[in-house]
Amino acid sequence: MRKRRWFGLAMAVTAAGALAWASAAGSLRIPDRHHPFAPLRVDEAPNWLTAFKLRRLDRDDAQCRAVLAQTALRYTPVEDRDTGAGCGFRNAVRIGATSARVEAFTLSCRSAVALSLWERHRLQPAAQRHYGSAVARIEHFGSYACRDIAGRQGRRSRHATADAFDFAGVVLANGHRVRIAADWNGEAADAAFLHEIRDGACESFSTVLSPDYNAAHHDHLHLDRGGFGLCR
């Protein structure tokens with residue numbers, strides 16, 4: 001899965017370069033949705049260029065903030081901060097709400113954009129398809145934490161730079177609660193919903209780790225930007 005994702009990104013970059021050259025040469029009019037160097041739009045569903053455009057935000061703080069302003073997130077910027085060896089964050093925000101209620105957490109801009117894309121185009125639509133109800137509350141186990149990867153002493157987690165978010169489950173507007181810990185292998189409808197949103201997260205996040213990856217993720221989805229590129 002990891003090799004396939006990197007191959008797909010490489011192909012997108014190659015195709016993006018060719019399209020950009022043709023556009024600059026005046027031989028082709030490319031809609032912004034399919035133009036590699038047009039800004040990412042959160043209201044447009046992810047496509048073959050989304051990963052490429054998200055990577056561009058990694059290197060452009062101002063553009064990342066401009067894209068984040070398009071989202072439904074309610075947030076306030078936080079000052080850049082170093083909190084220890086390999087720990088701290090820059091260009092981060094404190095998120096108080098998404099399209100749903102959520103306990104406040106701090107996340108890097110690039111990961112906040114990915115979260116909004118996933119929520120808008122995968123999480124909320126999946127909830128409507130499976131339950132006929134919107135997600136009213138997102139439950140989570142946090143984001144920023146100055147710590148190592150579990151079982152990897154000396155190797156910092158993406159949580160240490162506020163690039164990761166641990167999704168635990170949802171409460172729907174109709175009151176139904178779905179949790180990774182209880183429902184990943186539980187009732188067919190709930191399990192199908194959770195597996196679908198896990199797969200959808202791989203379009204926006206660099207790394208998505210679920211209970212299928214290892215026991216450390218038995219109760220949450222680890223979602224991060226800037227990771228090593230794995231969807232499992």
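Trainee: How far apart are the sulfur atoms of Cys-87 and Cys-146?

Mentor: They sit 2.0 Å apart, and the two cysteines form a disulfide. Keep in mind that this is a predicted model.

Trainee: Which parts does that pair tie together?

Mentor: Cys-87 lies in strand 3, residues 87-89. Cys-146 lies in the loop between strand 6 (135-140) and strand 7 (148-149). The pair therefore ties together parts that are 59 residues apart in sequence.

Trainee: Is the link of Cys-87 and Cys-146 left-handed or right-handed?

Mentor: Right-handed, with 85° about the S-S bond.

Trainee: And Cys-87, buried or exposed?

Mentor: Buried, because its relative accessible area is 4% and the cut-off for buried is under 20%. Cys-146 is partly exposed, with a relative accessible area of 36%.

Trainee: How many disulfides does a search of the whole structure find?

Mentor: It finds 3. One of them joins Cys-64 to Cys-109, with an S to S distance of 2.2 Å. Cys-64 is in helix 3 (residues 61-68) and Cys-109 is in helix 4 (residues 109-131), so this pair ties together parts 45 residues apart in sequence.

Trainee: What is the torsion about the S-S bond of Cys-64 and Cys-109?

Mentor: About -115°, so that disulfide is left-handed. Cys-64 and Cys-109 are both buried.

Trainee: What about Cys-202, which residue does a disulfide join it to?

Mentor: Cys-231, at 1.6 Å from S to S. The torsion there is about 65°, so the Cys-202 and Cys-231 disulfide is right-handed.

Trainee: Where do Cys-202 and Cys-231 lie?

Mentor: Cys-202 is in the loop between helix 6 (188-201) and strand 11 (207-209). Cys-231 is in strand 13, residues 230-231. Those parts are 29 residues apart in sequence. Both cysteines are buried.

Trainee: What is the pairing if I number the bonded cysteines in sequence order?

Mentor: It reads 1-3, 2-4, 5-6.

Trainee: Changing topic. How many helices and strands does the protein chain have?

Mentor: There are 6 helices and 13 strands.

Trainee: What share of the residues counts as buried?

Mentor: 49% of the 232 residues in the protein chain.

Trainee: Last one. Of contacts between residues at least 6 apart in sequence, what percentage joins residues at least 24 apart?

Mentor: In the protein chain, that comes to 55%.

How values were computed
Residues are numbered from 1 along each chain as its sequence is written. This is a predicted model: local features need pLDDT of at least 70, side-chain atom pairs count only at pLDDT 80 or more; totals for chains, interfaces and linings use all residues. Side-chain values use heavy atoms; hydrogens and water are left out. Helices (H or I, at least four residues) and strands (E, at least two) are DSSP runs, numbered from the N terminus. Buried means under 20% relative accessible area, exposed over 50%, partly exposed in between (1.4 Å probe, protein chains only). Contact means heavy atoms within 4.5 Å. A disulfide is a pair of cysteine sulfur atoms within 2.5 Å.
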